[in-house]
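Open the model in your viewer and keep the sequence panel beside it. Each stop below says what to select, then what is there.

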Amino acid sequence: MITQSIGATDAVSFTYSGPFNIGEAESYSVQINFTGSNVVGTLVLQASNDAITWIDNTSTSTAVTGSAAAMFSEGSAQWLYLRVKWTYTSGTGNLSGLVVAKQPERFNR
């Protein structure tokens with residue numbers, strides 16, 4: 001299992017997380033937490049095979065209202081990298097998160 005965190009960052013200035021190499025993960029999940037006063041915006045996961053060209057995974061587009069947390073999960077990702085894209089609308093506060101990727105059993109021996 002691979003875990004990588006997104007450190008607490010001001011939601012007003014955060015736009016993209018760094019890339020997360022999910023390699024040969026069987027599945028992964030991304031949890032984004034918000035603190036503060038009514039943070040509003042949109043979260044989208046982006047995918048890439050080269051960590052240079054990024055494509056929105058539009059099925060993950062999630063509206064955030066009132067500083068609510070968000071969770072994404074995906075089975076059998078067909079790309080090597082993912083990152084979180086945040087489009088800020090209003091409010092004040094921070095966001096943080098955690099990416100967890102489950103590797104095939106053969107990697108856990």
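Contact here means heavy atoms within 4.5 Å. With that in hand, select Leu 80, in the loop between E6 and E7. Setting aside neighbours within four places in sequence, Leu 80 is in contact with Phe 20, Asn 21, Ile 22, Gly 23, Ser 48 and Asn 49. Is Leu 80 buried or exposed, or partly exposed? Leu 80 counts as partly exposed because its relative accessibility is 37%. The scale runs from buried (under 20% relative accessible area) through partly exposed to exposed (over 50%), using a 1.4 Å probe and protein chains only.

**Ground rules**

This is a predicted model, in which local features need pLDDT of at least 70 and side-chain atom pairs count only at pLDDT 80 or more, while totals for chains, interfaces and linings use all residues. Residues are numbered from 1 along each chain as its sequence is written, and side-chain values use heavy atoms, with hydrogens and water left out.

Colour by confidence. pLDDT is the predictor's confidence in each residue, from 0 to 100. The protein averages 90, and 95% of the residues score at least 70. Confidence is lowest in E6, at a mean of 89, and highest in strand E4 (residues 55–56), at 96.

**The strands**

Switch to cartoon. Helices (H or I, at least four residues) and strands (E, at least two) are DSSP runs, numbered from the N terminus. Two strands pair if DSSP finds at least two bridges between them.

Select E3 (residues 27–48) and E7 (residues 81–102). E3 and E7 are antiparallel and share 20 bridges. Tyr 28 stands opposite Ala 101 in E7. Next along, Ser 29 has Val 100 in E7 as its bridge partner.

Stay on E7 and bring in E1 (residues 2–10). These two run antiparallel, with 7 bridges. Ile 2 stands opposite Ala 101 in E7. Then select E2 (residues 20–21), joined to E7 by 2 antiparallel bridges. Here Asn 21 is partnered with Tyr 81.

Return to E3 and look at its other partners:

- E6: 6 bridges, antiparallel. Ile 32 has Ala 70 in E6 as its bridge partner.
- E5: 3 bridges, antiparallel. Gly 41 is partnered with Val 64 in E5.
- E4: 2 bridges, antiparallel. Gln 46 stands opposite Asp 56 in E4.

The hairpin of E3 and E4 has 6 residues between the strands. Ala 51 in this hairpin takes a positive phi near 60°.

**The core**

Show side chains. A nonpolar core is a set of buried Ala, Val, Leu, Ile, Met, Phe, Trp, Tyr and Cys residues joined through side-chain atoms within 4.5 Å. The largest one has 25 residues. Select those with the most contacts inside it: Ile 22, Tyr 28, Val 30, Ile 32, Phe 34, Leu 43 and Trp 86. E3, E6 (70–75) and E7 each give two or more residues to this core. The largest share, 8 residues, comes from E3.

Centre on Val 30. Beyond four places in sequence, its contacts include Leu 45, Met 71, Phe 72, Val 84 and Leu 98.

**The rings**

Which residues form the aromatic pair? Phe 34 and Trp 86 do: the pair is tilted, 5.0 Å centre to centre, with 45° between the planes. Phe 34 sits in E3 and Trp 86 in E7, 52 residues apart. Both Phe 34 and Trp 86 are buried. Rings of Phe, Tyr and Trp (its six-membered ring) pair if their centres lie within 6.5 Å; planes under 30 degrees apart count as stacked, over 60 as edge-to-face and the rest as tilted.

Now select Tyr 16 and Arg 83. Arg 83 lies over the face of Tyr 16, at 4.1 Å from the ring centre. The test is NZ of Lys or CZ of Arg within 6 Å of the ring centre and within 35 degrees of the ring normal.

**Last stop: positive phi**

Select Ser 67, in the loop between E5 (62–64) and E6. Its phi is positive, near 60°, in a residue other than glycine. Ser 67 counts as buried because its relative accessibility is 14%. Among its contacts beyond four places in sequence are Phe 34 and Asn 38. Asn 38, in strand E3, has a positive phi of about 50° although it is not a glycine.
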